[in-house]
Amino acid sequence: MPPARITVLAGHYGSGKTQIATYLALERRKHSPRVTLCDLDIVNPYFRTIDNRELLENAGVRLISSDLAGSNVESPGFPPEAASVFDDESVTAVIDVGGDDRGALALGRYSEQLKLESEILLVINKYRPLSSGAKDTCVICREIEAAGRFRFTGIVNNSNLGAWTTAEDVLASLPYAAEIGETLGLPVVAISAARRLEEPLRETVKPLWLMELYRKWVSL
Amino acid sequence: MSEKVLIKGNEAIAEAAIAAGCRHFFGYPITPQNELAAHMSRRMPKVDGVFLQAESEVAAINMIYGASAAGVRCMTSSSSPGISLKAEGLSYLAGCDLPAVVVNVQRGGPGLGSIQPSQADYFQATRGGGHGDYHILVLAPNSVQEMYSHTIKAFDLADRYRMTVMILTDGFLGQMMEPVVINNEQLTTNSEKPWAVTQGKGKNIINSLFLKPDALEKSNLDRYAKYQKVEESEPLHEGYLLDDAEIVVASYGASSRIARNAIDEARGRGIKAGLLRPVTLWPFPKKAFAKAAEKARAFVSVEMSMGQMIEDVELAIRCRRPVLLCSRVGGVAPEPAQILASILEADKEKAI
């Protein structure tokens, strides 16, 4: 089945939405001539898709992002071009939404269009302190849906411990993701992991999205 | 039992405070510390604690005054402009010898400045911030793991010395996400506070007003006797390749991690560079600097300010060696290449 024309990433604060959105936009570009990554984050002034502007544009992905993103002006600004991804049906789009229910508010105005041709993915990470339990994650999911006036269509299990992540950590998160999927009635559409974990995971974990780490701030 | 989590620095401070028995948090929103208050708003109700968004930073620090006087562990957090607003409260807390934990996730200044990271509040923190003769104890973590462990330490120190302990960090460490091991096995979550207004049979009065000059003078002298103990017992530093270092890089917090990379590069070029990282900024690890000056030809102070910590470095070594400044400001972090260039410049200095 080909991917939906519009893919939306939403979820708990710090679950990895921007990372997955960047990955997906680059993947989509391999099959579609016109791919747009749209940054609708109105919560976090840091770690934005604009940090990867060069990478995305060199790969032929158009980035739609607020002029204020990455600046010293902290304003929940909406890029005026955002509406174009809904209107222009020749575009394959990935939409990166801000964290939690506060971030999902941004989607409310598009909730009617989103019903038509999009998949809306819940990004989860078992190793984040407020979403380490399946029940808590389901509560967060329902809050996001209520704020954004939409329903998720699937789950991306992005459970990781950053540079420390082992294959065992990913495997230990599978029952957690399954429980959330069962509770919410949603399929786990992918498990995402750092590319270095390909060898130990590729036989047992499917479908597996293997990613580079796209964002890096300073040389700490 | 220890567990691993992937956590932001700001969130780690909040989790650590709860682990340390803090059930009273009073704050006011400001970037880049917002995750701390947001995390507290989620977590405090679950542990029967109080999360209160005050009407201002001034209100929040005075709520700390009240909560601390009542004998509970309490915390407030803010970022640079908000800490300026808390300055009066910090002085009152000192005048009453009240324990408190205050977090400053520094941003660019002066004024409204920017929301990007900075280390330009060093003077404000290490000199107390408000009016009158007093100190606060200042801890400067340089990883998310330390944001956690230093916050727990801060509560213990605050209670032990009945003084404010500030976690002086910055937007990098507050915002960045790192894996952390949480191990709370050996934790004290509270201590005896017979002086609190809620304790004892008689009246415990907590007050910074003295009607007689002699009494106020004595209270100042007693407090400084306490500070002397802190200066003797609590300075902390971390050394990296320091034993044979001829060029000593002084750096704390986020910039100390960048400096470490530059030191590795300098070593690769045959320069004996090392890092002396103050972990407590007050008390400043003077003895460690004096010792390092015995072998070092020169020092480089790497900081995200126009040169504040450099004065403490010069004082600690009694200006016996040249100290170069390597700095970026306005929300910009120094690159390893810039620090390496400063190390190369310092390497031209001959021993005095």
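Colleague: Hi! Which residues of α1(A) are buried?

Modeller: They are A:Lys17, A:Thr18, A:Gln19, A:Ile20, A:Ala21, A:Thr22, A:Tyr23, A:Leu24, A:Ala25, A:Leu26 and A:Arg28. Buried means under 20% relative accessible area, exposed over 50%, and partly exposed in between, with a 1.4 Å probe and protein chains only. This is a predicted model, where local features need pLDDT of at least 70, side-chain atom pairs count only at pLDDT 80 or more, and totals for chains, interfaces and linings use all residues. Residues are numbered from 1 along each chain as its sequence is written, chains are lettered from A and ligands numbered from 1 in the order in which they are written, and side-chain values use heavy atoms, leaving out hydrogens and water.

Colleague: And how many of the residues of α1(A) is that?

Modeller: 11 of its 13, so α1(A) is mostly covered. Helices (H or I, at least four residues) and strands (E, at least two) are DSSP runs, numbered from the N terminus.

Colleague: What should the span of α1 in chain A be?

Modeller: 18 Å for residues 17-29, at 1.5 Å a residue, and the end C-alpha atoms are 18 Å apart, which agrees. The expected span is 1.5 Å times one less than the number of residues.

Colleague: Which residues of chain B lose the most area to chain A?

Modeller: B:Leu6, B:Arg42 and B:Ile115, which together make up 24% of what that side buries.

Colleague: What does B:Arg42 meet in a salt bridge?

Modeller: The side chain of A:Glu143, at 2.6 Å, N to O. A salt bridge here is a side-chain nitrogen of Lys or Arg within 4 Å of a carboxyl oxygen of Asp or Glu. Between chain B and chain A the count is three salt bridges.

Colleague: Last one: is B:Thr126 buried or exposed?

Modeller: B:Thr126 is buried, with a relative accessible area of 1%. It lies in helix α5 (residues 122-126) of chain B. Not counting residues up to four places away in sequence, B:Thr126 touches B:His135, B:Val138, B:Leu281 and B:Trp282.

Key. Buried area is the accessible area (1.4 Å probe) that two parts lose on being put together, summed over both. Contact means heavy atoms within 4.5 Å.
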